[in-house]
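Have the sequence and the model open side by side. The report below is meant to be read against both.

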Amino acid sequence: MSGPLLSIENLRTYFYSRAKRAFIRSVDGASLDVARGETLGVVGESGSGKTVTALSAAGLVTAAPGVIGGRITLQSNGTARELLDGLERYVRVEEEDGRVVAVEKDERGWRRHAEALMAGVRGKEIAMIFQNPRAALNPYSTVGNQLVETIRLHTGVKGEREAKERAIAWLERVRIDSPRLRFDNFPFGMSGGMCQRAMIAMALSAEPSLLVADEPTTGLDATIQSRIVELLGDLKEETGTATLLISHDISVIQRLSDRVAVMYGGTVVESGRATEVLARDAPARHPYTEALLEAIPSAEAIRNKSYLRAIEGDVLDTIEVPRGCRFYGRCNKVTDAIRERCAGLEPPLAEVSSGHKVRCWLYPTKT
Amino acid sequence: MRRFVQTQGPIGEFSALPLLQRAETRDLLYVGYGLLIVALVIASYLMGAFGWLPHDPRQMDVGLINAPALTAGHLLGTDFLGRDLQSRLILGIQAYFLPGLLAIAISVAGGCVLGVLAGYRGGWLAAVVTYIDNLLDSFPRLVLILLVIAAFKADIYAIMIVVGITGMPETANLVSGKIAFLKQKNFIEAAHALGLPAHTVILKHILWLNCRTLLVIQATLGMAEAIIVETSLSYLGFGVQEPTPSWGNMVQAGANYFLQGNFWPSTAPALAILATILGFQLLGDGLNNMLEGKRRRG
Amino acid sequence: MKLSAILPVARVLRRELAVTALLLLGVSVVVFTVLQLAPGDPLNVLLEGQSPRSQQAVREALGVSHTWYGRYGAWLAKVVQGDFGSSIRTGLPVLPELARVGVNTLYLTLGSLLLTLLIAVPIAVHAAVNGDTPGNTVATVAAYIVSAVPVFWFGYIVVYVFIHYFEMFPLLSGAAAKQEHAWLYFLVPIFVLGTASGTLSELIRHLRDELSRVLAEDYIRTARAKGAPVWRHAFKEGFLIPVTELMSAKIPFLLGGAVIVEQVFNWPGMGRMAWQAAQDRDFPVIMGIALVAAAFVRSGNLLQRVVFTMVNPRASKG
């Protein structure tokens, strides 16, 4: 079994705005790998496409047109599964000038085929947790019952009593107090942090190969955030589950990730080992990553009460995607030598050192 | 197969296309048809009011009973007494037009008052308004109207007052819902913070700026309701009486001939009812989708 | 269902019952007020047609007071005991008569409610799950048209079809001529009211909108993410609650439609009785019908509240 657990190649997920009669290019050619047992942190501003990438991998994009291109391979239990296999039959993309101008999609056929592909994968091989945990749990059902449902669906445990015991064990494992009592609680009666723990328990109780965590700490109190991060870290070591961690919070990414991918404007602009990408001073890095890191106030900056270093400009409007490098409009590292290329041609994601890739014209490719 | 096409060039980040361009064709068709009907109704009302009718609606032509359409200058034929159907149909609008306006005036105005009382102040006032709403909703409208008829005889204006009053809860709910939405978005608090007096906030900001579309929609739907009530009542024999035509009593009078196989005298007014009610309902729904629609995912 | 789950539900129910009682009280006030506002001494109207001596006796027996709330109290006391007075036209006591014919109206109303749901639900579910397909647009437009058709005319069409094509005759007297097909006669008015009552398009639209909204909720996404059957999670909020809400909300509407349909088919029910009473200004009867109808509406509402409280965990926390 070689190769990464999850491999996303050139994913394109588009949405459509009826009000503007235009495509929203949420994910526009993104490629990621998650190796067995590792945590890949995906970081970027809102609108960078990181959440949609995760949703696309889990087959949860329902809005039209949705996933229109790319390849997602999941290797687990000795078999390699193509999660987008055959879907080209249902989608026809018309391009003009390298730009998508029209999409035709047979929605029902696509949905049926996609459901068939994802059956047995969703929940069992790929489990997902979301932000806003209280809204993500069924308000009409007890937390315990929702856990039991997962256990009975995806593990060998079919008996109700057995499943209940297993569920309570998991509640304990995610450090929820009085798990036996909490079993009968409804989500509205639990705090946000507790709901998130319950959701983590629910996802992991199926013993998946990959856990996709979409902004698991966003919306929680700062102290609770820290606890959840701790819990995720501990569980990662205990279970060895690979994780695709999405967050706009760099500190969370830093604490949990083995490798990091930085997304901007729907593509990956930098990827590599966490220590390399997030290091304070690195020999080669994408200007966006640098700006992100600089935006975090350092202890010194706080002491000196200096201004925050914000990134100039607005987040990329994913309707009007520019021709050249997507970050060109906000980049403060452009030199005259490469200006023309930055403005007109999108740089490829190229290796600058072993395992470290950057999408920028500043760095000549290492062939 | 669904087709998505990028038709617009750069239009700016947060702006959208103007209303007519971004509305769905279906809704534009609904509204178009609805406006057509409204125009026809208003025109016919005026024609009936001023007597500009193709034939005298009371003139009976005994030799030409139940004539089908397009006979001898009668565009839609004649009824069982030889009277011109087209003129009678046009005149039939008199039976519900003004009363209907009364009904929607009451239900919209009353609904606004109740909705504002419930939403703006809240507290016990809201509970009282809720009680009134539930009370009014407890009666089947027709039964209440029959009760009023038993008490006061079948005066169409009294009946439309009842229709208007029973229509208030729906508008009230929508208005107080809008106010709750505005409160949640802190618009009202902001208006207060700016020092605007209560009556300005209510009249200008809440009702005019934010509620006017839903009030218009309620008015069109209310008119459809009024027409349904009036035609049902005159079918039952409580509305205008012979020889004055009303679409309801025309259907009823034509029913005998229906069962003998002659459909037209009963069907012509029924189609008029259908087309008109449909017009007002589609207008209301189309406007609702265009102006107040909530975006659905996928 | 655990006992601990039933107790809070019972507590909420107590409150709902109290509210219902209060509303029924309000209903009785409205009904009585209409009576009071009618021109002429209402008591005269009630006593119309009886001999002056018996009128006097009744007045004395009633101890008719001169204040309106006194009279209201007296009237209400009798109503609560089940004495709705007697019909001016027939002299028969109102409540037993209503009970006799009310069953037919109940049957008609509930039957057509069921039929409307049977038509509306598949269309609504299909529209919510599959979005705007051409089939859906056709169905929606058809529903609009059917809902705008005047129900009385539609009744005639159906009667005509039955007389001429199925040779079921006479339908108009409400009595079966051919015994072996008798049961079919009873379905016809239900069919008419169920399709053309005017509620169909609204039902479809509302159910579709609610189900769409629920399907877009976060917790449904979680259910999909864990590979659980979506319908199981969407059922309560997306189907059960909206359907019961609509059912209870449309009962008054269908009762009104029943008045008309009973006319078309000469169906012996409360609706036809109401029509007759309005013609004759038969106060006790029409007031009784108004009370019974409102009581029926409120019981439907109460039932819906019960279902809602049982299903919704937050409701029972008060």
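## Chain C overall

The model is predicted. Chain C is built from 13 helices and zero strands. Along the sequence, its pattern reads α-α-α-α-α-α-α-α-α-α-α-α-α.

Chain C has 318 residues, and 42% of them count as buried. Its contacts reach across the sequence. Among those with a separation of 6 or more, 73% come from residues 24 or more positions apart.

## Helix 12 of chain C

Helix 12 of chain C spans residues 270-280 and is mostly covered. Eight of its eleven residues are buried. They are Met270(C), Gly271(C), Arg272(C), Met273(C), Ala274(C), Trp275(C), Ala277(C) and Ala278(C). Note that the list includes Arg272(C).

What do these buried residues of helix 12 pack against? In chain B, the partners are helix 6 (141-152) and helix 9 (198-236). In chain C, they are helix 5 (94-130), helix 11 and helix 13 (283-311). After helix 12 of chain C comes Arg281(C). The phi of Arg281(C) is positive, near 55 degrees.

## Ile289(C)

Ile289(C) sits in helix 13 of chain C. Is Ile289(C) buried or exposed? Ile289(C) is buried, because 31 other C-beta atoms lie within 10 Å, and 20 or more is the cut-off for that class.

Leaving out residues up to four places away in sequence, Ile289(C) touches Val143(B), Leu98(C), Met270(C), Met273(C), Ala274(C) and Ala277(C). Of these, Met270(C), Met273(C), Ala274(C) and Ala277(C) are among the buried residues of helix 12 of chain C. Tyr107(C) lies 182 residues from Ile289(C) along the chain, and their C-alpha atoms are separated by 16 Å.

## Where chain B meets chain C

Here 39 residues of chain B are in contact with 45 residues of chain C. On the chain B side, five elements each supply at least two residues: helix 5 (124-137), helix 6, helix 9, helix 10 (247-259) and helix 11 (264-292). Helix 6 of chain B provides the largest share, eleven residues. By class, this side of chain B has 27 nonpolar, seven polar and five charged residues.

## Where chain C meets chain A

In this interface, 17 residues of chain C contact 23 residues of chain A. Helix 10 (218-225) and helix 11 (230-265) of chain C each supply at least two residues to the chain C side. Helix 10 of chain C gives the most, with six residues. The chain C side holds five nonpolar, five polar and seven charged residues.

## Strand 10 of chain A

Strand 10 of chain A covers residues 242-247, and six of its six residues are buried. In a regular strand, side chains alternate between the two faces of the sheet. Both faces are covered here. One side carries Ala242(A), Leu244(A) and Ile246(A). The other carries Thr243(A), Leu245(A) and Ser247(A).

Which strands join strand 10 of chain A? Strand 3 (residues 39-43) of chain A runs parallel to strand 10, joined by five bridges. Strand 9 (residues 210-214) of chain A also runs parallel to strand 10, again with five bridges. Ile246(A) stands opposite Val42(A) and opposite Asp214(A). Strand 9, helix 8 (residues 222-239) and strand 10 of chain A make a right-handed β-α-β unit.

Technical notes
Residues numbered from 1 in each chain as written. Chains lettered and ligands numbered in written order. Predicted model: local features only at pLDDT ≥ 70, side-chain atom pairs only at ≥ 80, totals over all residues. Contact = placed C-beta atoms within 7 Å. Helix = DSSP H or I, 4+ residues; strand = E, 2+ residues; numbered from the N terminus. Nonpolar A, V, L, I, M, F, W, Y, C, P; charged D, E, K, R; others polar. Buried ≥ 20, exposed ≤ 12 C-beta atoms within 10 Å, placed from the backbone. Pairing = 2+ DSSP bridges. Right-handed = clockwise from strand over helix to strand, strands pointing away.
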